[in-house]
Amino acid sequence: MSFDDLLMRTKQAAGYLNSHTVRSKETLDQTLADIIECSLTEEKRALWRAPSMYGNPDRQTVGGAAVSFLLRPCSFSSLIVFGRRQGITPTFTSFQNWTGRRPEELAFTEEPEARKECERELVRTFLHCYGPSGRDSFMGWLGCSGQQARRLWSGAKDEMEPVQTGKKTCYMLSNDMEALAHSQADGERLLLLGAHDPYLDIKDRDVLLEDRTLQKAVWKTVGNPGVILKAGRIAGIWRTKTLGDKLETEMTLFEALETEEKNNLKELAEEYARFRGLALKKCVI
């Protein structure tokens with residue numbers, strides 16, 4: 001079976017999501033794989049049902065693995081989107097089932113001023129989430145060319161203010177400057193972020209953590225830990241281990257914390273365990 005043929009079959013199988021919502025990525029892979037299997041010859045079905053050469057062969061078939069790789073191109077066509085989350089588990093459906101409209105039914109404006117406003121909104125969104133930051137980081141976030149980044153950035157330049165972060169000049173939205181000036185209202189607030197929280201996607205990592213050696217402990221090739229934030233900066237990392245209906249948490253601090261702050265971290269770990277529907281067995285700092 002060629003790649004193009006397999007992609008076509010996966011896109012056809014994804015039509016199932018126009019009237020269904022599937023809970024969990026693993027179930028989605030196998031559901032679509034089962035639909036595709038019905039259209040295969042008996043000889044190919046045996047290969048399709050064989051244990052996967054990736055991940056967990058006892059839980060995934062070759063067909064499930066193949067479908068998993070093809071979900072991204074299907075998502076580019078709006079055939080697969082995230083649905084409403086069920087507890088800690090994501091769900092998947094189609095754009096049509098989620099919104100009640102097909103993508104081609106959406107009206108996209110060609111008015112120059114409206115288009116410019118949409119482009120400015122892209123820059124605003126980026127800076128509001130990740131400021132202080134710069135144009136190169138915006139380019140990486142958007143995944144566009146340098147030329148396009150320069151054009152979009154300059155279109156919103158009158159809404160920015162330069163700020164100094166270390167030796168580097170970055171930018172923030174003018175409308176966010178007042179909030180920055182009064183950010184001490186939260187004091188030295190502590191937060192626990194998951195390993196892939198969007199906050200950690202910032203390209204200017206020095207803004208969150210200046211120590212380059214410690215950065216390697218946060219942003220790893222695989223197996224990123226969760227992060228402990230203190231007043232917005234990274235103050236440590238945390239990992240968890242599940243044992244039945246119990247949860248164990250281990251935290252490594254990058255800076256000294258007061259006893260009250262450590263107790264706060266343990267309370268946050270208990271909140272996280274309750275969110276997972278588990279009991280916190282141990283929290284080691």
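The partner of glutamate 159 in a salt bridge is arginine 120, and the closest N and O atoms of the two residues are 2.5 Å apart. This pair links distant parts of the chain, since arginine 120 belongs to helix 6 (residues 112-130), while glutamate 159 sits in the loop between helix 8 (146-155) and strand 4 (160-165), 39 residues apart.

## Other salt bridges

The structure as a whole holds 19 salt bridges. Side chains of opposite charge can pair when their charged atoms come close. One of these salt bridges joins aspartate 5 to arginine 9, with 3.2 Å between the closest N and O atoms. Both residues lie in helix 1 (residues 3-13), and because they are four residues apart there, about one helical turn separates them. Aspartate 5 is partly exposed, at a relative accessible area of 22%, whereas arginine 9 is buried, at 19%.

Another salt bridge is formed by arginine 233 and glutamate 255, whose closest N and O atoms are 3.1 Å apart. Here too the pair links distant parts of the chain: arginine 233 is in strand 8 (residues 233-243), and glutamate 255 is in the loop between strand 9 (246-253) and helix 11 (259-275), 22 residues apart. Arginine 233 is partly exposed, with a relative accessible area of 30%, and glutamate 255 also counts as partly exposed, at 24% relative accessibility.

## The buried side of helix 8

Which residues of helix 8 are buried? Ala149, Leu152 and Trp153 are buried in this helix. They lie on the same side of helix 8, because the arc they cover around the axis is only 100 degrees. The elements that cover these buried residues include helix 6, helix 7 (135-142), strand 4 and strand 5 (168-173).

Strand 7 (residues 226-230) pairs with strand 8 in the antiparallel sense, over five bridges. Within this pairing, glycine 226 has tryptophan 238 of strand 8 as its bridge partner. The hairpin of strand 7 and strand 8 has two residues between the strands, and alanine 231 takes a positive phi near 55 degrees in this hairpin.

Strand 8 is also joined to strand 9, by eight bridges, and these two strands run antiparallel. Lysine 241 has glutamate 248 in strand 9 as its bridge partner. The hairpin of strand 8 and strand 9 likewise has two residues between the strands, and in this hairpin glycine 244 takes a positive phi near 65 degrees.

## Confidence

The protein averages a pLDDT of 88, and 96% of the residues score at least 70. Confidence is highest in strand 9, at a mean of 96, and lowest in helix 9 (residues 177-181), where the mean is 80. Where pLDDT is low, the predicted coordinates should not be read in detail.

Technical notes:
Residues are numbered from 1 along each chain as its sequence is written. Side-chain values use heavy atoms; hydrogens and water are left out. A salt bridge is a side-chain nitrogen of Lys or Arg within 4 Å of a carboxyl oxygen of Asp or Glu. Buried means under 20% relative accessible area, exposed over 50%, partly exposed in between (1.4 Å probe, protein chains only). pLDDT is the predictor's confidence in each residue, from 0 to 100. The arc is that of the directions from the helix axis to the C-beta atoms. Contact means heavy atoms within 4.5 Å. Two strands pair if DSSP finds at least two bridges between them.
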